[in-house]
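Subject: Structure handover

Hello,

Here is the structure for your files. My notes on what turned up follow below it.

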Amino acid sequence: MVKKPIIFYLSHGHGSGSDKGAASGRFVELELARKVTKACYDYLLKQPKSKRSWRVTYKERLVSGYTLAQQAEQIKSLQNEYRTVSIDIHFNAGGGDGAEVWTTNRLGERKRLGTELGDSILSNLKKSGQNSRGMKYSNDLYFINTPSKGVSVLVECGFVDNKADRKGFDTDKELKAYGEAIAKALIQYAEKHE
Ligand SMILES: [Zn+2]
């Protein structure tokens, strides 16, 4: 049986209504996450079409205003044609230091593949200078547990309220590097699971 192609469904966290996510001083989660997500998308689009076995889609939540539930429906509707891999990009607050990736804690293929992709995202972020807090698991986080088919990860790139951590992402160049690091992990994942 021929496998369905992979489609990456990118989104930045927050952005519906007045939700800007976490903020500390001039560091606003929504703005940072949008820049990282856009850089990830641009890097993926730059790959030669002849080399892509995968597709990518990115609709800015801030612009289109869709809710998480509508997003889950969009992802589900892609699953007749594709294996969906959805990536929601965030920044954290709470004074920690480094990046972490969340995926479902329900045992099975989604957890196994989410962990594989998350580990790769974290090791690529390390190469761009960020440190890793490792994989995190949840049965409750909506994004990674809905829809129930497909792989979903939620990336927390760093802590907006930690001065040491945000030295790593206080320029557009660094935010771009984070986005490209995530894109490289996605390409590696697709090549392995073609
Ligand atoms: Zn967030």
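Thr-104 stands opposite Ser-138 in E7. Helices and strands here are DSSP runs (H or I, at least four residues, for helices; E, at least two, for strands), numbered from the N terminus. This is a predicted model: local features need pLDDT of at least 70, side-chain atom pairs count only at pLDDT 80 or more, and totals for chains, interfaces and linings use all residues. Residues are numbered from 1 along each chain as its sequence is written.

E6 and E7 run parallel and are joined by five bridges. Two strands count as paired if DSSP finds at least two bridges between them. E6 also pairs with E8, through three bridges, and there the two run antiparallel. In that pairing Trp-102 stands opposite Leu-154 of E8. Leu-154 is also the bridge partner of Asp-88. E5 and E8 are parallel, with seven bridges.

E8 is mostly covered, with nine of its nine residues buried. Buried means 20 or more other C-beta atoms within 10 Å of the residue's own; exposed means 12 or fewer, and partly exposed lies in between, with C-beta atoms placed from the backbone.

**Helix H4**

The expected span is 1.5 Å times one less than the number of residues.

The buried residues of H4 include Leu-117, Ile-121 and Leu-125. Those buried residues pack against E5, E6 (99–104), E7 (132–138), E8 and H7. Just after the helix, Gly-129 takes a positive phi of about 105°.

Gly-114 sits in H4. Gly-114 is buried, because 26 other C-beta atoms lie within 10 Å. Leaving out residues up to four places away in sequence, Gly-114 touches Thr-103, Thr-104, Val-151, Ser-152 and Val-153. Contact means C-beta atoms, placed from the backbone, within 7 Å. The C-alpha atoms of Gly-114 and Tyr-178 are separated by 19 Å, at 64 residues apart along the chain.

H7 covers residues 172–192. Its 21 residues reach 30 Å from first C-alpha to last, close to the 30 Å expected. Among its buried residues are Leu-175, Tyr-178, Ile-182 and Leu-186.

The largest nonpolar core has 48 residues. A nonpolar core is a set of buried Ala, Val, Leu, Ile, Met, Phe, Trp, Tyr and Cys residues joined through C-beta atoms within 7 Å. Residues with the most contacts inside this core are Phe-8, Val-36, Ile-121, Val-153, Val-155, Tyr-178 and Ile-182. Two or more residues come from each of E1, H1, E5, E6, H4, H5 (142–145), E8 and H7. H7 gives the most, with ten.

Val-36 touches Ile-89, Cys-157, Leu-175, Tyr-178 and Gly-179, not counting residues up to four places away in sequence.

**A loop residue**

Tyr-82 lies in the loop between H3 (68–78) and E5. It counts as partly exposed, because it has 18 C-beta neighbours inside 10 Å. Tyr-82 touches Lys-4, Pro-5, Ile-6, Ile-7 and Arg-55, not counting residues up to four places away in sequence.

**Whole chain**

The chain has seven helices and eight strands. Its radius of gyration is 16 Å, close to the 16 Å that the globule rule gives for 194 residues, so the chain is as compact as a globular protein of that length. The radius is taken over C-alpha atoms; the rule is 2.2 Å times the number of residues to the power 0.38. Buried residues make up 42% of the 194 residues.

Best wishes

Notes. Two residues are in contact if their C-beta atoms, placed from the backbone, lie within 7 Å.
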